[in-house]
Amino acid sequence: MTQDTPKIVVAIDGFSSSGKSTMARRLASQIGYRYIDSGAMYRAVALYGLEHGMVSADGTVDEPALIAALPDINIDFIPLADGSQHTMLNGVDVEHEIRQLRVSNVVSPVAAIPAVRHILVEKQQRMGHDKGIVMDGRDIGTTVFPDAELKIYVDASAQTRAQRRFKELVEKGSAVTFEEVLANVMHRDMIDRSRAESPLRRADDAIAIDNSAMSLDEQDEWLFREFQRTIKNIMSE
């Protein structure tokens, strides 16, 4: 890309463990954009709630207490050399903690709270104000950046997504079973689809991809072609 190439917002949405974060991170690294994992922000709020007795292990949330604490929850990211990032919660690196199943089990009910979504959406919109950003999540193309120049909707079967997540957790040393992970994936799907505030859905102008049978390289090539096509169309207008 040259200095004259316009910067855009790339919004990537999809179900949990659909591979959207990997796609987003690798594209951002390839094109020199900033990558933001919006799901990590909700996970950080969930972790804060767990550690401060506002969220129970079964997903029960003391909403008034958590909402009152939101001004004290500061979330930021540290970029790494490989294009990935670590999530910082009040100045502490919590990247490992937020990826554990105990956080996965409670993040959807936390993310369904309107006050939580309103505050984090505002933060996300500020991050993308100057464009040149790739952000993934559940409502990026529908709520956070409804005018994003490129919107992608990623899907894969629940079994495929659970297998990916199970492999990732085992590699990180978590003692979990595939059945536990599959149950978590399906439960989160239900909450993400049915919540009243910004439910997960495909934006009308989003490009859908089912990556169940695709390799990482195939995903990268497909997404980069869509990015190039979008830039070409903008520059030809």
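A: The largest cavity has a volume of about 40 Å³, and a search of the whole structure for cavities of 30 Å³ or more finds 1. A cavity here is a set of points on a 1 Å grid where a 1.4 Å probe fits but cannot get out, and its volume is the space filled by probe spheres set on joined points. This is a predicted model, in which local features need pLDDT of at least 70 and side-chain atom pairs pLDDT 80 or more, while totals for chains, interfaces and linings use all residues. Residues are numbered from 1 along each chain, and side-chain values use heavy atoms, without hydrogens or water.

The lining of the largest cavity (residues with an atom within 4 Å of a point) consists of Ala11, Asp13, Gly141, Lys151, Ile152, Tyr153, Arg201, Arg202, Ala203 and Ala206. The largest share, 3 residues, comes from β7. By class, the cavity lining has 5 nonpolar, 1 polar and 4 charged residues; Ala, Val, Leu, Ile, Met, Phe, Trp, Tyr, Cys and Pro count as nonpolar, Asp, Glu, Lys and Arg as charged, and the others as polar.

The largest pocket holds about 1,200 Å³ of space. A pocket is an open set with protein on both sides within 12 Å along at least five of seven lines. Its lining has 45 residues, and Ser21, Thr22, Arg25, Arg99 and Glu168 lie nearest the centre. The 45 lining residues divide into 8 nonpolar, 16 polar and 21 charged.

As for the helices, α8 (residues 158-171) and α9 (residues 178-194) have axes that come within 9 Å and cross at roughly 125°. That makes α8 oblique to α9; under 35 degrees would be roughly parallel, over 145 roughly antiparallel and 65 to 115 roughly perpendicular. From α8, the contact (heavy atoms within 4.5 Å) involves Ala158, Gln159, Arg161, Ala162, Gln163, Arg165, Phe166 and Leu169. The α9 side is made up of Phe178, Val181, Leu182, Val185, Met186 and Asp189. The contact of α8 with α9 counts 9 nonpolar, 2 polar and 3 charged residues.

Helix α9 also meets α5 (residues 101-111), their axes coming within 9 Å and crossing at roughly 15°. With that angle, α5 is roughly parallel to α9. Leu101, Ser104, Asn105, Val107, Ser108 and Pro109 of α5 are in contact with Glu180, Asn184, Arg188, Ile191 and Asp192 of α9. These residues comprise 4 nonpolar, 4 polar and 3 charged.

Helix α5 in turn packs against α2 (residues 38-51), where the axes come within 8 Å and cross at roughly 105°. Helix α2 is therefore roughly perpendicular to α5. On the α2 side are Tyr42, Arg43, Val45, Ala46, Leu47, Leu50 and Glu51. They meet Arg102, Val103, Ser104, Val106, Val107, Val110 and Ala111 of α5. By class, the contact of α2 with α5 has 10 nonpolar residues, 1 polar and 3 charged. Ser104 and Val107 of α5 are among the residues that meet α2, and both are also among those that meet α9.

Conventions: Helix = DSSP H or I, 4+ residues; strand = E, 2+ residues; numbered from the N terminus. Axes fitted to C-alpha atoms, helices over the stretch in contact; angles between N-to-C directions.
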